[in-house]
Amino acid sequence: MSNLFTPYQLGPVELRNRTLRSAAFEAMCPGNRPSQELFDYHTAVARGGIGMTTIAYAAVCESGLSFDTQLWMRKEIVPDLKKLTDAIHAEGAKASIQLGHCGNMTHRKTCHCMPMGASFGFNLYSPTFHRKMNKEDIEFVAKSFGEATKLCIEAGFDAVEIHAGHGYLISQFLSPYTNHRKDEFGGSLENRMRFMKMCFAEVIKAADGKIAVTAKLNTRDGFKGGQETDELIECAKVLRDMGVNAIALSGGFVSRAPMYVMRGQFPVPIFVHYFPWSQWWLKLGVLFGGKIVSPTVPFKQLFFLEDAKKFQAAMPDYPFIYVGGVTTREGADKVMDEGFPLLQMGRAVLEDTDFVNKMAADEKHCSQCEHSNFCIGRMYSKSMQCHKNCVDITPRLEKAVQRINAQNDRQERKLGYKK
């Protein structure tokens, strides 16, 4: 018998099953506050059988905003979030929210200040220069994680997931690629972990055992010169010892190896179509340099499994959450059989919010997501949607999706990822 549809105790929270909706950014929060679209989507996922759904990527303070359509945790949005968590609970699911800070991956127009990161530098994706954070900045952001956690409790969330991966701010301090500091926050791994420990200490103190605290952590950054598995296992051990209830093991660096995070092709025609002409430089940059800056990393099922198992081997009694390429009931059961107590899914429950219920009904069920990454290309300008559910899809865009799918299929068959 599969453990997939058995209850699980995550810290103080009991989940009805082992499935989690991963914190895939929805871009459904214009004005940095919840919308009806966000409400409808997450309640549909809850109704679709998920154990816990995660509202994605809420900035802990204004400087942490990377999108105009991203949540910003502040007192005034708590009532709207409470309506959302109440509705999720009414469907039998639990509600989590991912808290984070984008660090240098933003623009002054979005965060209304000079972007900042672990070190001074230039962000090609905005594009903009960013400054090195001083100690006052560091202390303020760490405390903001704690204050945001208190608001999450007030809003009725059952868990918070702290984003320490993918090249966002905590990850920027952890990775030698972005952390060139010469003070107590740079150099050795112990120093590079210092900011992470400050943020989690504030979160765990604020949570006070009332809600679960989880983390999203890389298994590796995904490129030469980035942080590797051995160091990240040490980071995981520190988080365990601090009292983090579970860690979701992901990978990749959005500003350097974005397709390592998501797999598949960088959807150039989708990005170009949806970027407004007011951002003409981004249209041109993606059109002529998108494939160079973001080379294809072919999709395969359970693509983070081998790296995740290294963490499991180093910390055999700790509950790691598997994420990455779960698209079938067979794959979900394999994750359970490998000893991971929980799993996260993103694109599968974007393409079909009833995916979990269908897996429960049919042990051979398979997601119909083709990993064209249309949803990724769209979310930078509009809400994240599968092209199958998108009302503004054009024949030209549909043809572009078909071309991308055909290219993906050829690559995956050539590599033996698909029969």
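Colleague: Leaving aside neighbours within four places in sequence, which residues is I247 in contact with?

Modeller: This model is predicted: local features need pLDDT of at least 70, side-chain atom pairs count only at pLDDT 80 or more, and totals for chains, interfaces and linings use all residues. Residues are numbered from 1 along each chain as its sequence is written, and side-chain values use heavy atoms, leaving out hydrogens and water. Contact means heavy atoms within 4.5 Å. Once neighbours within four places are set aside, the partners of I247 are A215, L217, A236, L239, Y318, P319, F320 and I321.

Colleague: Is strand 10 enclosed or open?

Modeller: Strands (E, at least two residues) and helices (H or I, at least four) are DSSP runs, numbered from the N terminus. Buried means under 20% relative accessible area, exposed over 50%, partly exposed in between (1.4 Å probe, protein chains only). A212, T214, K216 and N218 point one way, V213, A215 and L217 the other, and all are buried. Seven of the seven residues of strand 10 (residues 212-218) are buried, so this strand is largely enclosed.

Colleague: Which residue of strand 11 stands opposite N218?

Modeller: Strands pair if DSSP finds at least two bridges between them. Strand 10 runs parallel to strand 9 (residues 159-163), over five bridges, with E161 opposite T214. Five bridges also join strand 10 to strand 11 (residues 246-250), again in parallel. There, N218 faces S250.

Colleague: Which strands stand at the edges of the open three-stranded sheet?

Modeller: The order is 6-8-7, with mixed pairing. Strand 7 and strand 8 (residues 128-132) are antiparallel over three bridges, and F122 stands opposite F129. Two strands have a single partner each, so one side of each lacks a neighbour in the sheet: strand 6 (116-117) and strand 7 (121-123).

Colleague: Is F120 buried or exposed?

Modeller: F120 lies in the loop between strand 6 and strand 7. Its relative accessibility is 58%, so F120 counts as exposed.
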